[in-house]
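Please read them with the coordinates open.

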There are 2 protein chains.
Amino acid sequence: MTDPVGELQTILGPKGWLSGTDVEPYRRDWLNRYGVAPLGVARPANTAEVAAVVKACREAGVAVIPQGGNTGLCGGAVADQANAVIISLSRMTAIGEPDPESGSIAVDAGVVLATLHEALEPHGLMFPMHLGAEGSARIGGLIGTNAGGSQAFRYGMMQDLVLGLEVVTPNGEIWDGLRAVQKDNAGYQLRKLFCGAEGTLGIVTRAVLRLYPTPRQQASALLVMSDFAAAVSFGAFLRSEAGEFLAGLEFFSDVGLALALKHLQDLAYQLESRGDVYLLVELASGSTRVPLDEILNSALEWGMEQGLVTDGALANSGAQRAQFWRLREEQPEGQRLEGEQLKHDISVPPGAIARFIEAGTGLCNDILPGVRINPFGHLGDGNIHYNLSPPEGRSDFNGKAGAFAEALAALATKMGGSFAAEHGLGRAKIAMADRNRAPIERDLMARLKRAFDPRGTMNPGVLVRASQ
Amino acid sequence: MTDPVGELQTILGPKGWLSGTDVEPYRRDWLNRYGVAPLGVARPANTAEVAAVVKACREAGVAVIPQGGNTGLCGGAVADQANAVIISLSRMTAIGEPDPESGSIAVDAGVVLATLHEALEPHGLMFPMHLGAEGSARIGGLIGTNAGGSQAFRYGMMQDLVLGLEVVTPNGEIWDGLRAVQKDNAGYQLRKLFCGAEGTLGIVTRAVLRLYPTPRQQASALLVMSDFAAAVSFGAFLRSEAGEFLAGLEFFSDVGLALALKHLQDLAYQLESRGDVYLLVELASGSTRVPLDEILNSALEWGMEQGLVTDGALANSGAQRAQFWRLREEQPEGQRLEGEQLKHDISVPPGAIARFIEAGTGLCNDILPGVRINPFGHLGDGNIHYNLSPPEGRSDFNGKAGAFAEALAALATKMGGSFAAEHGLGRAKIAMADRNRAPIERDLMARLKRAFDPRGTMNPGVLVRASQ
């Protein structure tokens, strides 16, 4: 094994190579659970440099760890060994001209999601992906983790929004798959496969993304639901009555609302009554001829007649709409400020959400009586962030973190869902996948990994075990 | 090598094994271009029998060819050697109960698409895939070829509509990936990879599909456009004005209309004037509160003011709507009845459709002056069925079939599109893929193939060359 650092410095120049203490901002993951200091951080300026770095590392037997905004929650974008180089895509931030007639745009992997949103605004176009980390998360990482977010039930996950990709393969070749069409059946769906591969099969350097026209009007409501089953029934009703305009269908619980209101002083809850469950409903349309408010009001009235909705209000201004959304979006922050917490990224068939939450409550209380359960998330696709805080008066989980995670993963699996809905496996959930998925599934994944990366230098230890 | 026929007969019983002349209905492909008589046709009754057949064939070194409705256009579902067994999924036709709250249903691979549509009707649910062969095409084949059709621009292709899969792998193991959630990031997206793999990585035996509520109203219009560029501009306008309800955006040319009217006596064209290009627009909504007719009329008026639309009519009844659709759907049949034809399954970025058709016309006339060009297809996703008939008075293409195919494939590739948009590669387009795609892309596909099917017994000779 040669020392590759000199070669990397030559490839990258002084602006492209960080070492020593400069590595610190890149070293640890978002939740500060993973990350060993690597040889250095490469910050290539273009795809050719990415390819050259990958090739040099491969020849030197050095692991390569692609990193975008480093907002992942499963530790997939930091090193677990010193003999590694982090490749940060943060200098590759070019945004192409949007093509409004085709509904597409080409962007570099390092573009921050919120920056893309802003760039599209003057064109009357939108990229329909929204999630809490959008101010930091970069396109390449969002593709690598197949991000979902709050509009996935309508517009799809990242794999549904990617038309074309450019990828540097594990041996440093460049695959130019930058086509701009939805329909391309010329062989295996490589563009779909790289979405969610967590940088273990190659490094996404550029993508052609699907765009949609920006809606011209929207209507938002905050509703108090009688219980989770009511939220599920009401969600199904909305899908059939207003499915085309449904742009948001988010839920949270009173546990989470109370924590958010307790810790975030500027947060306001303006409805008259409280309940166990809240629903944030948003409709949007490109046509100004659709009576969105009337449709939403009428759905709300139906829900009240049926006893599903106990209170509710339509947003009467952009400011009120923003307040409604903040109640949902501050759920993680409120719980974080309360102290220790455990996050579980569950999905179940949307019709099974209430049953999952009820069964999960039983399991969690068996493990640690009084544990505070704060489920929130995306009703439309069954994605529940089933997060826990310690029982009132306790500051920890009495060493039961693993027991909670396993019980909830097994329950989601049994109900036809997933224990890794939108955050992926990373380093955090490989063992969980091995336990909850059949050996044949894990074996097929290991075969894939070996086929693309026989030397095992591309983000090793993420998604699949090398030995699998 | 042992003779596996006796073993297969034992596995399958008398109803499950066809040989001799009984093989005939399965032997040739839809276009009658491919197909050698195999050892026999296996018609397994369930997944376990599929697995047993695959295992027996693998051990005997016999090729396995999965076949659904055998409506594919690229020869991917028939044998190219005698030492092969066709596995027809046609006896596996169970349809589960739809889950309306989750929007999903589990079905066997042998279910005919139109049968699924009918089964869902009483539930107020729909599976949004429509294509000409829906009366014969089976779910497994539609998954294997990643079918698209006329609603793909809105609801996606098969890969976007599959939530979970059950697959028999090339070595006869069963992968149970029958989950029913959109969000499942627990590793590589195997469910997406098997879509479009054309049975070369395994045999799809069962699937969980995504369902949508049936719209409660629709509005359809047939429009005469001033030219292809006008059709593209008008399509982009509709996407921004009525994108949520746009359920159909199909185009065809006057060449195709004339052929259809000439050969199909019961076909009627009821607008006053003709033009070069026609657009079939359909809006649909789950809400009865949306003024669909008004929205469509107003778009039509705008199009006329802009000089894009020269004539048009809204369907005033279900019967008239059906007539409009038949004008589009009989395009292939009208051209078939005219005699020899060449089919090209192209996609380009939707905004580039008019440029492709213009440039293609130039190329084709250079190859054979006067060749009749009949482009029709899906405006929303840029999918052009760019089909040719010989020049007036000729009955053949003067041996130029290959020249047309190559010129159009190269043009589509250059414009960021695909020469295999929704029909796949099969046996017909492997060489074309090798010429039009970079070696690295074909190499990655060959690696995938070898990783899943190292012995090369699963649908060999389809999608990738064994030697690649």
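Does B:Ala114 count as buried or exposed, and at what relative accessibility? The model is a predicted one, and the points below should be read with that in mind.

1. B:Ala114 counts as buried because its relative accessibility is 17%, and the cut-off for buried is under 20%. The residue belongs to helix H4 of chain B, which covers residues 113-120. Leaving aside residues up to four places away in sequence, B:Ala114 touches B:Glu134 and B:Gly135. B:Ala236 lies 122 residues away from B:Ala114 along the chain, and 31 Å separates the C-alpha atoms of the two.

2. Next, a helix of chain B. H15(B) takes in residues 401-414, 14 residues in total. From the first C-alpha to the last it reaches 20 Å, close to the 20 Å expected at 1.5 Å a residue. The buried residues in H15(B) are B:Phe404, B:Ala405, B:Leu408, B:Ala409, B:Leu411 and B:Ala412. Viewed down the axis of H15(B), these buried residues fall within an arc of 165 degrees, so they line one face of the helix. They pack against four elements of chain B: strand E15 (345-347), helix H14 (353-367), strand E17 (383-389) and helix H16 (430-436). Just after H15(B) comes B:Gly416, with a positive phi of about 80 degrees.

3. Chain A contains an open sheet of seven strands with antiparallel pairing, in the order E14-E11-E13-E12-E16-E17-E15. The edges are formed by E14 (309-314) and E15 (345-347) of chain A; each has a single partner strand, so one side of each is left without a neighbour in the sheet. On average, and with direction ignored, neighbouring strands of this sheet are turned by 20 degrees against each other.

4. H10(A), residues 254-263, lies across E12 (246-253), E13 (277-285), E16 (372-378) and E17 of chain A, and runs at about 80 degrees to E12(A). H12(A), residues 318-329, packs on the sheet and touches E11 (217-225), E12, E13, E14, E16 and E17 of chain A. The direction of H12(A) makes about 50 degrees with that of E11(A).

5. A:Asn459 is not a glycine either and has a positive phi of about 45 degrees. A:Asn459 is placed in the segment after helix H17 (439-452) of chain A, and counts as buried because its relative accessibility is 0%.

6. Last, the contact between the chains. In chain A, 95 residues are in contact with 95 residues of chain B. The area buried between chain A and chain B is about 7,500 Å², and carbon and sulfur atoms give 54% of it. A:Lys183, A:Asn185 and A:Tyr188 supply 14% of the area that chain A buries against chain B, more than any other three residues.

Key:
Residues are numbered from 1 along each chain as its sequence is written. Chains are lettered from A and ligands numbered from 1 in the order in which they are written. This is a predicted model: local features need pLDDT of at least 70, side-chain atom pairs count only at pLDDT 80 or more; totals for chains, interfaces and linings use all residues. Side-chain values use heavy atoms; hydrogens and water are left out. Helices (H or I, at least four residues) and strands (E, at least two) are DSSP runs, numbered from the N terminus. The expected span of a helix is 1.5 Å times one less than its number of residues. Buried means under 20% relative accessible area, exposed over 50%, partly exposed in between (1.4 Å probe, protein chains only). The arc is that of the directions from the helix axis to the C-beta atoms. Contact means heavy atoms within 4.5 Å. Two strands pair if DSSP finds at least two bridges between them. Axes are lines fitted to C-alpha atoms, for helices over the stretch in contact, and angles run from 0 to 180 degrees between N-to-C directions. Buried area is the accessible area (1.4 Å probe) that two parts lose on being put together, summed over both.
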